[in-house]
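Let's take a friendly walk through a protein model, one feature at a time. Have the picture ready as you read.

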Amino acid sequence: NSFESVASDTLTLFLFFPLNSFRTYAVRRIRDAFRENKNVKDPVEIQTLVNKAKRDLGIIRRQVHIGQLYSTDKLIIENRDMPRT
Amino acid sequence: MPLRAPVQTVTFGQKGLHLLWLHVPSKRLCPLEPSFLRYHLNINSTPSAGTLSPSPLPPFTACQVSGVVFFPLRFDPSIPYTYLTSSQIFPSALWMPCVHSCLRSYLATPFHFLSVGDHAPQSAVPADTAAAPEAGPVLRPLYMDVQATTPLDPRVLDAMLPYLINYYGNPHSRTHAYGWESEAAMERARQQVASLIGADPREIIFTSGATESNNIAIKGVARFYRLRKKHLITTQTEHKCVLDSCRSLEAEGFQVTYLPVQKSGIIDLKELEAAIQPDTSLVSVMTVNNEIGVKQPIAEIGRICSSRKVYFHTDAAQAVGKIPLDVNDMKIDLMSISGHKIYGPKGVGAIYIRRRPRVRVEALQSGGGQERGMRSGTVPTPLVVGLGAACEVAQQEMEYDHKRISKLSERLIQNIMKSLPDVVMNGDPEHHYPGCINLSFAYVEGESLLMALKDVALSSGSACTSASLEPSYVLRAIGTDEDLAHSSIRFGIGRFTTEEEVDYTVEKCIQHVKRLREMSPLWEMVQDGIDLKSIKWTQH
């Protein structure tokens with residue numbers, strides 16, 4: 001149903017956030033939000049949550065594009081296989 | 001004008017073949033003749049006197065599909081081309097398809113001859129080619145200084161962009177749709193800020209930041225009531241802008257009491273009550289200190305001030321959106337809000353000025369009477385929309401963030417304290433905002449530890465005072481010893497801080513503190529059991 005499709009869309013899109021901290025935040029936040037709301041039974045409330053998730057999905061999509069346009073160097077911890085001082 | 005092509009050398013295949021490539025839009029537009037390419041690649045002939053003809057271009061092949069031109073370089077790219085011979089021409093038919101598909105996947109945006117240098121053109125002369133694209137870039141340090149500023153939350157940027165691109169009207173233009181839509185956005189943002197702190201939207205005035213809000217609050221209130229009330233009270237650990245405003249008011253003839261703080265960083269309420277005089281107009285105490293993270297008892301102070309009919313101002317720049325604040329429950333009359341501390345844009349803030357009972361404020365900035373006459377000047381719609389979005393996001397995420405930041409903060413403190421002896425946490429451990437941790441490492445100099453921790457962006461005090469060599473006045477006010485005050489580092493944990501970053505910071509911190517302590521003669525003396533306070537230092 002629409003809930004699951006939004007969930008899977010959101011979760012696949014977050015992988016493309018170039019900025020590491022936003023990426024890890026988005027992963028964690030979206031997963032926790034879906035977990036928190038999985039027991040909601042009221043259909044009206046479910047619909048509001050799904051609408052909000054769809055809006056957030058749009059936000060993520062646009063911001064991921066912008067992040068890729070203006071990407072910069074990676075963080076220290078993203079290249080842990082390199083020799084460290 | 002000569003367009004310079006970028007040089008990308010890609011290691012491809014088993015033989016470690018380097019390919020220098022440039023993208024040509026169409027064979028018809030740019031004939032692939034050597035002189036043309038030589039011109040565009042800035043390949044010069046070797047400066048030897050006897051040479052009459054220009055050096056031959058290395059043999060190249062072009063992919064018909066992508067228009068990519070390949071120059072196989074089987075040599076050290078720093079040596080200019082003069083000696084490639086025809087025996088090094090590769091049969092293009094053999095490797096073209098696989099090269100094309102492999103390279104497509106990891107080549108960067110190709111350079112187009114028709115576009116001028118906005119792809120950071122590097123010299124085409126092989127002398128300064130980069131190595132394979134993945135290795136070699138400067139890696140950015142981890143950001144652990146959220147008290148100085150915070151990154152823009154993507155949701156905030158998303159809200160701001162339409163007002164930077166299309167909806168650019170002045171919100172004070174009353175006569176057309178551009179003005180109306182900007183005004184609607186501004187009012188919506190005002191509502192968002194107000195609902196975060198439990199205020200009415202008419203009580204929020206947008207300013208250029210918490211510094212301006214503090215100036216308006218302190219100077220505005222003091223000057224309005226200057227005929228009957230000439231006294232103000234503040235604390236010794238306030239932000240520099242509050243202390244400086246009070247100092248300038250002293251020059252105008254006001255009296256200011258700077259309340260001392262206890263060792264924990266919290267003010268003594270009895271001292272506050274004793275300091276309030278009949279002619280006190282304002283008490284200013286910050287909610288969460290930006291250097292040591294201490295939370296002052298705002299509700300109690302509000303109660304005391306309202307019972308004694310004194311206005312209460314709080315600088316809540318570090319507290320808004322992080323801990324629950326309600327201006328009515330806490331009896332706050334004026335509050336300063338900063339945009340860039342709550343994942344909003346820099347250059348915007350707000351001041352809350354109570355209307356019931358009305359707090360009168362003399363305006364600092366004269367002009368067209370915008371913002372109820374208290375702060376004239378065009379309200380920057382994109383920035384205030386960003387501030388409003390940041391406040392809304394903060395309201396939704398407050399509980400989640402607080403839980404996570406507390407957990408990460410515990411982790412950082414526990415891991416450092418259990419591996420290193422003689423580490424002191426400055427500030428009360430109980431009334432403390434977990435995202436701001438100030439630790440003093442004994443026998444280690446703070447600046448040298450910061451230099452050593454170059455992979456992590458940290459600070460040893462507030463950003464405003466970090467240029468001077470003196471230890472922070474906040475640490476001096478809480479009674480820290482001089483040597484411990486010099487060795488303090490402030491760790492900031494925010495919404496986007498990950499466990500990996502905290503663990504890395506802890507690891508590096510422990511490693512460098514141990515190393516610096518081993519170099520320290522004071523540490524040696526302490527290990528030998530000498531009490532440092534009993535030493536009489538002589539001068540030579």
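What follows is a short tour of a pair of helices, a serine and some loops.

This is a predicted model, in which local features need pLDDT of at least 70 and side-chain atom pairs count only at pLDDT 80 or more, while totals for chains, interfaces and linings use all residues. Residues are numbered from 1 along each chain as its sequence is written, chains are lettered from A and ligands numbered from 1 in the order written, and side-chain values use heavy atoms, without hydrogens and water.

Start with helices H3 (residues 154-165) and H9 (residues 381-419) of chain B, whose axes come within 8 Å and cross at roughly 160°. That makes H3(B) roughly antiparallel to H9(B) (an angle over 145 degrees). Residues making the contact (heavy atoms within 4.5 Å) include B:Ala159 and B:Tyr163 of H3(B) and B:Ala389 and B:Val393 of H9(B).

Next, find B:Ser448 in helix H10 (residues 446-452) of chain B. A polar atom of the B:Ser448 side chain lies 2.8 Å from the backbone oxygen of B:Glu445. With 28% relative accessibility, B:Ser448 counts as partly exposed (buried is under 20% relative accessible area, exposed over 50%, partly exposed in between, using a 1.4 Å probe and protein chains only).

Finally, visit the loops. B:Tyr343 sits between strand E11 (334-338) and E12 of chain B, has a positive phi near 65° although not a glycine, and is buried at 6% relative accessibility. In the loop between strand E12 (349-353) and H9 of chain B lies B:Pro357, joined to B:Arg356 by a cis peptide bond with omega about -5°.

Conventions. Axes are lines fitted to C-alpha atoms, for helices over the stretch in contact, and angles run from 0 to 180 degrees between N-to-C directions. Helices (H or I, at least four residues) and strands (E, at least two) are DSSP runs, numbered from the N terminus. Angles under 35 degrees count as roughly parallel, over 145 as roughly antiparallel, 65 to 115 as roughly perpendicular and the rest as oblique. A polar contact is a pair of N or O atoms within 3.5 Å; within protein, one must be able to donate a hydrogen and the other to accept it, and residues adjacent in sequence count only if both atoms are side-chain atoms.
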